[in-house]
Amino acid sequence: MVFNASIRYLHERLTIDDVDLESIVNEVGTPAYVYSLARIRDNLGRLKAALAPVHACLHFSVKANGNLDVLRTLRDAGAGFDCVSGGEIFRALKAGAAAEDIVFAGVGKTRAEIEYAINSGVGWINAENLGELAHIEAMAAEAGLQAVQVALRLNPQVTANTHPYMATGHGAAKFGLTCDVIRQVLNDQQRYPRLDFAGIHLHIGSQLGDSAATLAALDKLLALARDFPQITTINLGGGLPVAYRFGEVPPALEPLAAEVARRLKPYSVLLEPGRSIVADAGVLVAEVLYVKRQAGQTFVIVDVSMAELIRPALYGAHHEIVPLRQAYDETISTQVVGPVCESADVLARDRDLPPLKPGDKIALMTAGAYGMTMASNYNARPRPPEVVVDGDRWWVSRRREAITDMI
Ligand code: LLP
């Protein structure tokens, strides 16, 4: 059985590229995140090919996966980075990114973060409120800079077809500036002599179900940008969807790329994909601790919880679960739960799985995006290690936290 070009059963063992996952966790233990660098390169390559007509410059969204080996791999493959904190800028630079290949975004950048970004020389700052523009202007003056490139983030007042927690472009969302406010800023540019308002930024949400809202938002953006010839660059954000369920096929990118290319011909284009590059390149491996049968239910209690993978608890997200050793038994309806003291700590509800027993290892699939980056130390649980696989080699890229790291 093949899940994607890098993750499949080979001789009945779940394999990531040329490495048997069980051989990794036998050494590093569970829970453990494991990423395929080959799959990440592949995903980036396929995205670039599908988007070729747009001539876009891709900035990987570090919030999806901030692992240094992942970032280095993407840098080597020519990607820039979308960062939303001083911590993410630090990571991108540490991974060897050139500062000008970094865009710095975020609803609430601190003065210290803006100063760090400016002094590092990031390529763009995506700004989303007037107070922030004043800070950038003041810090540019302090640093003696003449032209800091700023992209104003547009809130197009368009609702994306996605989970409500991932929709960012509607009027009630905290993100971006409305059309009117952007017009005011651009008409009033002399107030910001050291800012070069050369771009408009747009990101209406993540795991977007279709492209209708994106194109509607883009049309609003273009109506605005046309009136201001200094706008040369459009940053379209991220949001490209991935398949989380077996058999699901995300919509083809080419038709969207053609529409975008047609509309954005006169502009330079930036994109900030995160999930679509890393999600299906990663798994989170867990071990079954106990099986409890009561009240007509089968609870499989594993050593992964909402602390290591919060997506099911937070969004009701679906992650497929497969045993590391291929099983052919009849499936039974199972509740896969973690050890954390929260009723929301359920990784899979009423999931048809082969019978599992203590000691069995399972993989939570499509965990390469927003997995480790959203992990916490809730219940004083050390965060898992991150292992990367490159062909037939693998190594621990980031070690498991120790309980002494947490105090
Ligand atoms: N650009 C901006 C301004 C963003 O806010 C985001 C994601 C991206 C790019 C990358 O979007 P992507 O290509 O990954 O969809 N924690 C949630 C996802 C939240 C996304 C936040 N912003 C999840 O686990 O699904």
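1. Start with Val 288. Val 288 is buried, at a relative accessible area of 1%. Buried means under 20% relative accessible area, exposed means over 50%, and partly exposed lies in between (1.4 Å probe, protein chains only). Val 288 has its place in strand 13, residues 282-294. Strands (E, at least two residues) and helices (H or I, at least four) are DSSP runs, numbered from the N terminus. The C-alpha atoms of Val 288 and Arg 325 are separated by 13 Å, and the two residues are 37 apart along the chain.

2. A word on the model. This is a predicted model, where local features need pLDDT of at least 70 and side-chain atom pairs count only at pLDDT 80 or more, while totals for chains, interfaces and linings use all residues. Residues are numbered from 1 along each chain as its sequence is written, and side-chain values use heavy atoms, with hydrogens and water left out.

3. Now the aromatic rings. A search of the whole structure gives 5 aromatic pairs. Rings of Phe, Tyr and Trp (its six-membered ring) pair if their centres lie within 6.5 Å; planes under 30 degrees apart are stacked, over 60 edge-to-face, and the rest tilted. Why does the pair Phe 3 and Phe 246 count as stacked? The ring centres are 5.1 Å apart and the planes stand at 25 degrees, so the pair is stacked. This pair links distant parts of the chain, 243 residues apart. Phe 3 is in the segment before strand 1 (7-10), and Phe 246 is in the loop between strand 11 (233-235) and helix 9 (254-263). Phe 3 counts as buried, at 19% relative accessibility. Phe 246 is partly exposed, at 40%.

4. A second pair is Tyr 165 with Tyr 315. Their ring centres are 6.3 Å apart and their planes are at 70 degrees, so this pair is edge-to-face. Tyr 165 lies in the loop between strand 9 (148-153) and helix 7 (179-187), and Tyr 315 lies in helix 11 (residues 311-315), so the pair ties together parts 150 residues apart in sequence. Tyr 165 counts as exposed, at 58% relative accessibility. Tyr 315 is buried, with a relative accessible area of 18%.

5. Phe 3, Tyr 9 and Phe 246 form one aromatic cluster. Elsewhere, the charged end of Lys 109 sits over the ring of Phe 104, 5.6 Å from the ring centre. That label needs NZ of Lys or CZ of Arg within 6 Å of the ring centre and within 35 degrees of the ring normal.

6. Next, the ligand. How many residues surround the ligand? There are 19, and the closest are Ser 206, Glu 272, Arg 311, Tyr 315 and Tyr 370. The shell divides into 5 nonpolar, 8 polar and 6 charged residues. Ala, Val, Leu, Ile, Met, Phe, Trp, Tyr, Cys and Pro count as nonpolar, Asp, Glu, Lys and Arg as charged, and the others, Gly among them, as polar.

7. A polar side-chain atom of Tyr 315 is 2.7 Å from a ligand nitrogen atom. A polar backbone atom of Gly 239 is 2.9 Å from a ligand oxygen atom. For His 203, a polar side-chain atom lies 3.5 Å from an oxygen atom of the ligand. The ligand on its own has 590 Å² of accessible area, and the protein covers 91% of that. Accessible areas come from the Shrake-Rupley method with a 1.4 Å probe; for residues, only the protein chains shown count as cover.

8. Check the backbone too. Most residues other than glycine have a negative phi, and most peptide bonds are trans. The bond from Thr 30 to Pro 31 is cis, with omega near -5 degrees. Asp 350, in strand 17 (residues 346-353), has a positive phi near 45 degrees. Asp 350 is exposed, at 54%. Thr 366 has a positive phi of about 55 degrees, and Thr 366 is buried, at 10%.

9. Last, Gly 237. The backbone nitrogen of Gly 237 lies 2.8 Å from a polar side-chain atom of Asn 235. Asn 235 lies in strand 11 and counts as buried, at 2% relative accessibility.

Methods: Near = heavy atom within 4 Å. Polar contact = N/O pair within 3.5 Å; in protein donor to acceptor, adjacent residues only side chain to side chain.
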